[in-house]
Amino acid sequence: MALPTHGANPHYLYEALGMDMPSSYVDFSANINPLGPPSSLQEHWSRLFNSMIHYPDPHAVELTKLLAYKEQLSEHSILVGNGGAEMITLVARLLAGKKVLIIQPAFAEYAESCYAAGCDVSFYQLQEPNWELHIESLRPYLQKNDAVFLCTPNNPTGISFARESVRELIVECEQANCMVVIDEAFYDFTEDSFTYAPLLAQYKHVMILRSLTKIFAIPGLRLGYLLADAEMIQQLKPYKPHWSVNAIALEAGKLCLTEEIYVEKTRAYIHEQKQKLFSFFEEYEFDVSDSSINFYLLKDSKVKDSTAMLKFLLSRGIIPRHTYNFPGLDGRWLRFAIKSKRDNEVLMEGLREWRKQHSTL
């Protein structure tokens with residue numbers, strides 16, 4: 001059985017590896033807010049629950065208005081959907097049969113959706129350990145493609161690419177008549193919530209993917225949106241199924257957009273926990289990516305790949321995300337989300353035990 005291609009649902013990983021799943025475990029493979037959903041969702045749950053008896057608004061008018069105000073964009077430049085995954089699928093269908101370049105390492109869904117849409121998919125591999133975006137070497141590829149996918153902050157590395165490099169990529173793509181799809185699913189976790197959305201007014205060939213499920217810890221509701229020029233949004237709408245976003249998700253989204261203090265607390269918490277974790281990794285000689293958000297890549301440079309460490313941690317109920325299906329990483333790294341203080345301590349203790357047993361490798 002092949003290893004699962006996404007985080008979460010850890011029983012599939014144990015099954016694929018032929019391992020028994022412990023009754024108690026901590027799942028570091030899902031990159032959602034460790035603080036959990038905002039308390040307002042529980043406080044207003046009766047109203048959310050009652051919304052189930054009505055068909056949802058297929059145009060998500062109220063949520064779109066709130067997003068337009070938040071992003072300082074026209075309502076016609078926003079399309080709400082069933083999580084970031086639906087947005088990726090819609091973009092892939094729009095690009096059906098065209099040439100698409102994916103800058104790797106990257107979320108596997110880009111390639112899967114583009115292949116399903118009959119796109120001619122190629123890849124440009126960034127080099128570890130810094131995974132820097134060098135436009136000079138990337139430029140020749142832009143002339144040969146109709147669209148390029150870039151994930152920043154990046155999944156799986158957690159790195160935010162240099163802003164000037166991304167802006168240069170946008171300019172180069174405009175000259176090459178190449179669309180740019182920027183995935184900002186985790187931008188909320190960066191300390192300054194930096195976004196390329198203000199550039200949409202100037203560059204009509206840019207689309208930005210967003211997710212509300214990560215920062216607000218509501219992946220079970222599935223809620224995301226896309227920002228783009230109004231004409232581009234109109235081209236995408238026919239591909240979107242009617243009522244693809246359920247009524248509870250729409251109501252929850254409206255509540256979440258008011259949670260500014262919650263988001264600020266999240267950033268402060270992530271920053272604090274990341275400092276503790278990264279100091280530990282340095283002390284125990286683990287390599288870690290220069291993440292700007294709520295997850296990171298980690299490896300033990302004393303071993304060739306991470307399989308042994310993956311199984312070691314899994315046997316102790318510590319569940320990382322493998323990287324075998326990320327081209328360029330090929331299993332050498334493991335990805336971990338930042339969790340609660342207690343869970344992060346469990347991880348450090350597990351890695352301390354691993355290092356004790358493998359210090360002479």
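In this predicted model, the lining of the largest cavity is made up of six nonpolar, five polar and one charged residue. The residues concerned are Pro4, His6, Gly7, Ala8, Asn9, Pro10, Leu13, Ser29, Ile319, Pro320, Arg321 and His322. Two cavities of 30 Å³ or more are counted. The second largest cavity is lined by Phe189, Glu191, Arg267, Ile270, His271, Lys274 and Ser292. The table sets out the two cavities.

| Cavity | Volume | Lining residues by class |
|---|---|---|
| Largest cavity | About 70 Å³ | six nonpolar, five polar, one charged |
| Second largest cavity | About 40 Å³ | two nonpolar, two polar, three charged |

**Helix H12**

Helix H12 covers residues 307–315, and its buried residues include Met309, Leu310, Phe312, Leu313 and Leu314. Among the elements that cover the buried residues of H12 are helix H1 (11–17) and helix H13 (341–357). Strands take part in this cover as well: E10 (295–299), E11 (318–319), E12 (321–322) and E13 (334–337). Gly317, which follows H12, has a positive phi near 75°.

**The sheet**

Seven strands make up an open sheet with mixed pairing, and their order is E2-E8-E7-E6-E5-E3-E4. Strand E2 (78–81) and strand E4 (120–125) each have a single partner strand, so they stand at the edges and one side of each has no neighbour in the sheet. From one strand to the next, the twist averages 20°.

E2 and strand E8 (residues 224–228) run antiparallel and are joined by four bridges. Within this pair, Leu79 has Leu226 of E8 as its bridge partner. Helix H4 (residues 61–71) packs on the sheet, where it touches E2, strand E7 (206–211) and E8. The direction of H4 makes about 130° with that of E2.

Another helix is placed at E3 and E4. Helix H7 (residues 135–142) lies across strand E3 (99–104) and E4, and runs at about 160° to E3.

Where do the cis peptide bond of Pro105 and its loop fall? The bond joins Gln104 and Pro105, with omega about 0°. Pro105 itself lies in the loop between E3 and helix H6 (109–116). The peptide bond from Glu128 to Pro129 is also cis, and its omega is near 10°. Pro129 belongs to the loop between E4 and H7.

Trp131 lies in the loop between E4 and H7. Although Trp131 is not a glycine, its phi is positive, at about 50°. Is Trp131 buried or exposed? The relative accessibility of Trp131 is 2%, and buried means under 20%, so Trp131 counts as buried.

Ser193 is found in the loop between strand E6 (179–183) and E7. Phi of Ser193 is positive, near 50°, and this residue is not a glycine. With a relative accessibility of 18%, Ser193 counts as buried, because the limit for buried is under 20%.

Notes: Residues numbered from 1 in each chain as written. Predicted model: local features only at pLDDT ≥ 70, side-chain atom pairs only at ≥ 80, totals over all residues. Heavy atoms only, no water. 1 Å grid on protein atoms, 1.4 Å probe; cavity = no way out; pocket = protein on both sides within 12 Å on 5 of 7 lines; lining within 4 Å. Points joined across faces, edges and corners; volume = space filled by probe spheres on them. Nonpolar A, V, L, I, M, F, W, Y, C, P; charged D, E, K, R; others polar. Buried < 20%, exposed > 50% of the residue type's maximum accessible area, 1.4 Å probe, protein only. Helix = DSSP H or I, 4+ residues; strand = E, 2+ residues; numbered from the N terminus. Contact = heavy atoms within 4.5 Å. Pairing = 2+ DSSP bridges. Axes fitted to C-alpha atoms, helices over the stretch in contact; angles between N-to-C directions.
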